[in-house]
Amino acid sequence: MAVRAGAARTRRFDEETALGLTRRARRMNRELAELYPDAHIELDFTTPLELTVATILSAQCTDKRVNEVTPALFAKYRSAADYASADRAELEEMIKPTGFFRNKTTSLIGLGQALVERYDGEVPRRMKDLDSLPGIGRKTANVILGNAFGVPGITVDTHFQRIVRRFGWTDETDPVKIEHAVGRLIEKRDWTMLSHRVIFHGRRVCHARKPACGACTLARICPSYGTGPTEPLVAVKLLKGPRVAELAAAAGIDVS
């Protein structure tokens, strides 16, 4: 009796060895690198402090909205001491569009005070120091380390969690366990860029509700192929971002 393609695909990945998984994960990383040569953090910043503040503001908020708020914020608050001595009502009003502004204001003022008191006003470069600061958890610390200081780190946000589980790289649900599981598969030097590439893929192709499976270049080596539409002309309409035509072409679809 013939075996359905979907069933064959599922069985093939179910029987994957640890070595096979590592090889497939690294191959997917290489293909993502080719697909997203422009991958980068989408928060605007010029200093480690600005990135730290922007990352705190990005919680439960889009990067686009944060980038609309931060120019005026960064112009007014230029140092950790400025945040430490900020007028709460004034700071709340400036960051209000990012949501949860009262909690974020508390974090920013506390961050400024901690940096002044413990680190001479400078953002520290070690995970354990960053993780101890108000408003900063391990995810935020990895963003800062990787993008402000060039220290490799894996940023496990909602997009990253969803994508690597769909890729079959891990079954873990805890962000720290996901970080460590993926870190064992991918070479350390690639961790920061991998985070950007996976997040780009999640925002542009592999959406939460309806991924564009039929327009994805990773379809043949993804165990979740079929989660979304597989018909190319249907899937291509789900692609998002400024490079839709290029993403479609990479998947062999002509949208001209």
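The angle between two helices is taken between their N-to-C directions, from 0 to 180 degrees, using axes fitted to C-alpha atoms over the stretch in contact. This briefing applies that to one helix pair in a predicted model, then turns to a pocket and a cavity. Helices α3 and α7 pack at an angle of about 155°, and the largest pocket holds about 860 Å³ of space.

**Helix packing**
- Helix α3 covers residues 48–57 and helix α7 covers residues 101–119; their axes lie 10 Å apart, at an angle of about 155°.
- Because angles over 145 degrees count as roughly antiparallel, α3 is roughly antiparallel to α7.
- The two helices, α3 and α7, cross in a right-handed sense.
- On the α3 side the contact is made by Leu 49, Thr 52, Val 53, Ile 56 and Leu 57, and on the α7 side by Lys 104, Ser 107, Leu 108, Leu 111 and Leu 115.
- Seven of the residues in this contact are nonpolar, two are polar and one is charged.

**Largest pocket**
- The volume of the largest pocket is about 860 Å³.
- It is lined by 34 residues, and those closest to its centre are Ser 58, Asp 63, Lys 139, Asp 157 and Arg 203.
- Elements giving two or more residues to this lining are α3, α4 (63–76), α7, α9 (138–148), α10 (158–166) and α12 (191–204).
- The pocket lining has 18 polar, nine nonpolar and seven charged residues.

**Largest cavity**
- The model has one cavity of 30 Å³ or more.
- The largest cavity has a volume of about 120 Å³.
- Among its 15 lining residues, Cys 206, Pro 211, Cys 213, Cys 216 and Cys 222 are the closest to its centre.
- The cavity lining has 11 nonpolar, three polar and one charged residues.

Terms used:
Residues numbered from 1 in each chain as written. Predicted model: local features only at pLDDT ≥ 70, side-chain atom pairs only at ≥ 80, totals over all residues. Heavy atoms only, no water. Helix = DSSP H or I, 4+ residues; strand = E, 2+ residues; numbered from the N terminus. Parallel < 35°, antiparallel > 145°, perpendicular 65-115°, else oblique. Left-handed = near helix turned anticlockwise from the far one by under 90°. Contact = heavy atoms within 4.5 Å. Nonpolar A, V, L, I, M, F, W, Y, C, P; charged D, E, K, R; others polar. 1 Å grid on protein atoms, 1.4 Å probe; cavity = no way out; pocket = protein on both sides within 12 Å on 5 of 7 lines; lining within 4 Å. Points joined across faces, edges and corners; volume = space filled by probe spheres on them.
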